[in-house]
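Please look over the model shown below before reading on.

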Amino acid sequence: MTATTLVFLGTIRTGSQPGDDTTALAVRDGRIHALGDAARALAADADEVVEVGDGLLMAAFGDGHAHPLFGGLESFGPRIKGLGSVADIVSEVGRWAKEHPAAEWIVGASYDPALAPDGEFDARWLDDAVADRPVVLRADDYHTVWCNTEALRRAGVTAATEEPRLGWIVRRPDGTPLGTLREWHACDLVLDQVPARAEDELVEALRRAGDTYARAGLTWVQDAWVEPEMVDAYLAAARRGALGFRVDLAQRADPDHWRAQRERFAATRARVAAEGGELLTARTVKYFSDGVVEGGTAAMLAPYLDAPHSCGMPVWEPRALAEAVRTFDADGFQTHIHAIGDAGVRAALDAVESAIVTNPAWDRRPVITHVQVVDPADLPRFAALGVIANFEPLWAQPDPLQTELSIPRIGAERAALQYPMGHLARDGVRLSFGSDWPVSSHVPLEGIQVAVTRRTFAGEPEAGWLPHQRLTVEEALTAATAGVAHQAGADDRLALAPGAPADLVLLSADPRAVDPMEIRHARVLGTWLGGRPTYRKDQQGRKDPS
């Protein structure tokens, strides 16, 4: 139950400008009522007083690019995320299959593609654990699947299967499928055979996602990949009170069918506005410009070093992408484009520019997400076009995905162009942070630490990886809060001010005051959504402030 008046006492980051802190904040009926002395004066008669102590109260984190439903569903199958070897994954799949003998399909996510050479996994490895039922596992980039022989058989994938237009079937030297499928149409050969989940399961997955977000201090999320059946699940969760976070749904535009999607997207937006309540919107259209570097499918301006015949796999032909973006922009949808390779980023910028030049002006706030490799000639275009650069900052470190897959594929010169956060921030570009969860950790403080240090959690390299692209702690906190609020069109959540929704997080330590390599160790002590606690580590409140 929301307290009539809630007062916080201690260090409070308002976010209005760097260093603009206050020492008291009062919440009344879900909104910030007062700051400073005016808030402190309300403490004596408040329903609850929370002492911030040595910690920090600040605006709750947002996630500008994630997949909550996929994240929640990962807990329904084999727990393979984070396992350190192929043998461990196979063992876990076998354990889960034994404990669930009635499961027709064994579906799991998300394995580390760096665990096998070139990210190529053999169906026979999974056959050793389960041979009589189909197994399909998503890689942690969600652009690749690994399946066993029975799954390939059920899907009819053989040596005679032609290569799909958008996707690759990794094959053995004799042409038979190895068991690894890359990108949309190849993955869908198997994924389309998996039985649909019941609505109750999807709602439960969203409830679990909400609990996960609350414990991390998150209150708003951009779901960046929504299919029609997912909309029904979100609406059901909202009706049942199982949706514990604000979320905007980005409906995915299909390059082969987007014209037919136009009417449905508009109808879904209207339906969500009518039925979704205050937490749910559907104002965005999502486009995949390309794939991923580690899989060799990100669209590059020059060929991959390990595949000189290939510049990757654009999902859209650039002119078609521009046409679709123009069309949905004219319909009033925000643009959200996945772009990882330098050619993919250029095509995304060209599409946004086409919409700006062609359509009447409006508050469009276009988003290009991931922004991994950017040709230097394209960097100034972000500011010129008003593009929000959404980064997943946890990726900006030399982890095995970089050292074993990405850098060998693109080489040192292009690797040095990756994740240009610092450059774009200095250009005045709006940055927002996301996680791409469950692709990577949903915890904002982990990404913030990497954005500030450009080091692995083990501290490598000591001087930082591409250190000129580091952000200050204030810049990183702003990207994870006000930057995401700007992306969300939530101008009333850009800073903590009277009248703003009381979306708040209480941290055990002030990230601005600790060693940058310790930022991720700050604990979330509480999260409030519109003044209502969605997570409390312990009971921080007291009635008498004396």
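**Briefing on packing, rings and backbone**

The crossing of helix 7 and helix 8 is right-handed, a crossing being left-handed if the near helix is turned anticlockwise from the far one by less than a right angle, and right-handed if clockwise. This is a predicted model, in which local features need pLDDT of at least 70 and side-chain atom pairs count only at pLDDT 80 or more, while totals for chains, interfaces and linings use all residues. Residues are numbered from 1 along each chain as its sequence is written, and side-chain values use heavy atoms, with hydrogens and water left out. Helices (H or I, at least four residues) and strands (E, at least two) are DSSP runs, numbered from the N terminus.

**Helix packing**

- Two packed helices are described by the angle between their axes and the distance between the axes; the axes are lines fitted to C-alpha atoms, for helices over the stretch in contact, and angles run from 0 to 180 degrees between N-to-C directions.
- Helix 7 (residues 199–215) packs with helix 8 (residues 228–239) at an angle of about 65°, and their axes are 9 Å apart.
- Helix 7 is therefore roughly perpendicular to helix 8, on a scale where angles under 35 degrees count as roughly parallel, over 145 as roughly antiparallel, 65 to 115 as roughly perpendicular and the rest as oblique.
- From helix 7, Glu199, Leu202, Val203 and Leu206 meet Glu229, Asp232, Ala233, Tyr234, Ala236, Ala237 and Arg239 of helix 8, where contact means heavy atoms within 4.5 Å.
- The residues of this contact of helix 7 with helix 8 comprise seven nonpolar, no polar and four charged; Ala, Val, Leu, Ile, Met, Phe, Trp, Tyr, Cys and Pro count as nonpolar, Asp, Glu, Lys and Arg as charged, and the others, Gly among them, as polar.
- Helix 10 (residues 318–330) and helix 11 (residues 342–358) pack at about 45° with axes 8 Å apart, and these two helices are therefore oblique to each other.
- The crossing of helix 10 and helix 11 is right-handed.
- Helix 10 contributes Pro318, Leu321, Ala322, Val325, Arg326 and Asp329 to the contact, and helix 11 contributes Ala347, Ala348, Ala351, Val352, Ser354, Ala355 and Thr358.
- Sorted by class, the contact of helix 10 with helix 11 holds nine nonpolar, two polar and two charged residues.

**Aromatic pairs**

- Across the whole structure, a search finds 17 aromatic pairs; rings of Phe, Tyr and Trp (its six-membered ring) pair if their centres lie within 6.5 Å, and planes under 30 degrees apart count as stacked, over 60 as edge-to-face and the rest as tilted.
- Phe70 and Trp225 form an edge-to-face pair, at 5.1 Å centre to centre and 85° between the planes.
- Because Phe70 lies in helix 2 (residues 68–73) and Trp225 in strand 12 (residues 218–226), the pair ties together parts that are 155 residues apart in sequence.
- Phe70 and Trp225 are both buried, where buried means under 20% relative accessible area, exposed over 50% and partly exposed in between (1.4 Å probe, protein chains only).
- Trp258, Phe265, Tyr287, Trp316, Phe328 and Phe333 are linked by ring pairs into a cluster.

**Backbone geometry**

- Most residues other than glycine have a negative phi, and most peptide bonds are trans.
- The peptide bond from Ala109 to Ser110 is cis, with omega near 5°, and Ser110 is placed in strand 7 (residues 106–111).
- The bond from Glu460 to Pro461 is likewise cis, with omega near -15°, and Pro461 lies in the loop between helix 15 and helix 16 (473–480).
- His370, in strand 16 (residues 367–370), has a positive phi near 85° and counts as buried at 2% relative accessibility.
- Asp436, in the loop between strand 18 and helix 15, has a positive phi of about 60° although it is not a glycine, and counts as buried at 6% relative accessibility.

**Burial and surroundings**

- Six of the eight residues of helix 16 are buried, so helix 16 is largely enclosed by the rest of the structure.
- The buried residues of helix 16 are Val473, Glu474, Ala476, Leu477, Ala479 and Ala480, and they pack against strand 1 (5–13), strand 5 (56–59), strand 6 (61–66), strand 18, helix 15 and helix 17 (482–487).
- His338, in strand 15 (residues 334–339), counts as buried at 2% relative accessibility.
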